[in-house]
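Okay, everyone, thanks for coming. Let me put the model up, and then I'll walk you through its side-chain pairings.

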Amino acid sequence: HVEDTLEVKCNVENPVDCTEKETKYIEKMRGKTSEERKAQLDRLNGMKGGSMKPELKTWLVQRVRILQGLEAGGVPAEDEF
């Protein structure tokens with residue numbers, strides 16, 4: 001169970017362990033400018049404190065990590081959760 005929730009399996013540079021949903025999001029965000037990705041990251045970070053279903057919260061965290069990975073050149077930043 002710990003591996004399912006805490007282990008980061010998706011790497012933006014080598015998306016072999018990413019889900020189909022994550023892979024599609026990576027491709028979508030690679031087509032955006034750095035400014036657009038940062039704006040999306042700011043938007044998602046603003047949603048972190050909100051109330052949402054666990055699966056939506058998980059997807060939010062996955063998107064934040066993907067965006068951080070793209071902005072950092074493939075190395076996701078540590079999450080604040």
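Let's start with a quick one: are Lys24 and Glu20 buried or exposed? Both of them are exposed. For the cut-offs, buried is under 20% relative accessible area, exposed is over 50%, and partly exposed is in between, with a 1.4 Å probe and protein chains only.

Before I go further, some housekeeping. This is a predicted model, where local features need pLDDT of at least 70 and side-chain atom pairs count only at pLDDT 80 or more, while totals for chains, interfaces and linings use all residues. Residues are numbered from 1 along each chain as its sequence is written, and side-chain values use heavy atoms, with hydrogens and water left out.

Okay, back to Lys24 and Glu20. These two form a salt bridge, with the closest N and O atoms 3.2 Å apart. By salt bridge I mean a side-chain nitrogen of Lys or Arg within 4 Å of a carboxyl oxygen of Asp or Glu. As you know, side chains of opposite charge can pair when their charged atoms come close. Both residues sit in helix α2, residues 20–30, and they're 4 residues apart, about one turn of the helix. Helices here are DSSP runs of H or I, at least four residues, numbered from the N terminus.

How many salt bridges are there by this rule? The count is 3. Further along helix α2, Glu27 and Arg30 are 3 residues apart, so about one helical turn separates them. Their side chains meet in a salt bridge at 3.4 Å, N to O. Glu27 is partly exposed at 47% relative accessible area, and Arg30 also counts as partly exposed, at 37%.

Then there's Glu71 with Arg37, where the closest N and O atoms are 2.7 Å apart in a salt bridge. Arg37 is buried, at 13% relative accessible area, whereas Glu71 is partly exposed, at 28%.

Now the aromatics. The search comes up with 1 aromatic pair. It's Tyr25 with Trp59, edge-to-face, 5.6 Å centre to centre and 75° between the planes. The rule takes rings of Phe, Tyr and Trp (its six-membered ring) with centres within 6.5 Å; planes under 30 degrees apart are stacked, over 60 edge-to-face, and the rest tilted. This one links distant parts of the chain too, from Tyr25 in helix α2 to Trp59 in helix α4. Tyr25 and Trp59 are both buried.

Tyr25 turns up again around Gln40. Leaving aside neighbours within four places in sequence, Gln40 is in contact (heavy atoms within 4.5 Å) with Tyr25, Met29 and Leu67. Gln40 belongs to helix α3 and is buried, with a relative accessible area of 18%.

Last stop, the cysteines. Which residues does the disulfide join? Cys10 and Cys18, with S to S at 1.9 Å; the cut-off is a pair of cysteine sulfur atoms within 2.5 Å. The torsion about that S-S bond is about 90°, so the disulfide is right-handed.

Methods: Helices (H or I, at least four residues) and strands (E, at least two) are DSSP runs, numbered from the N terminus.
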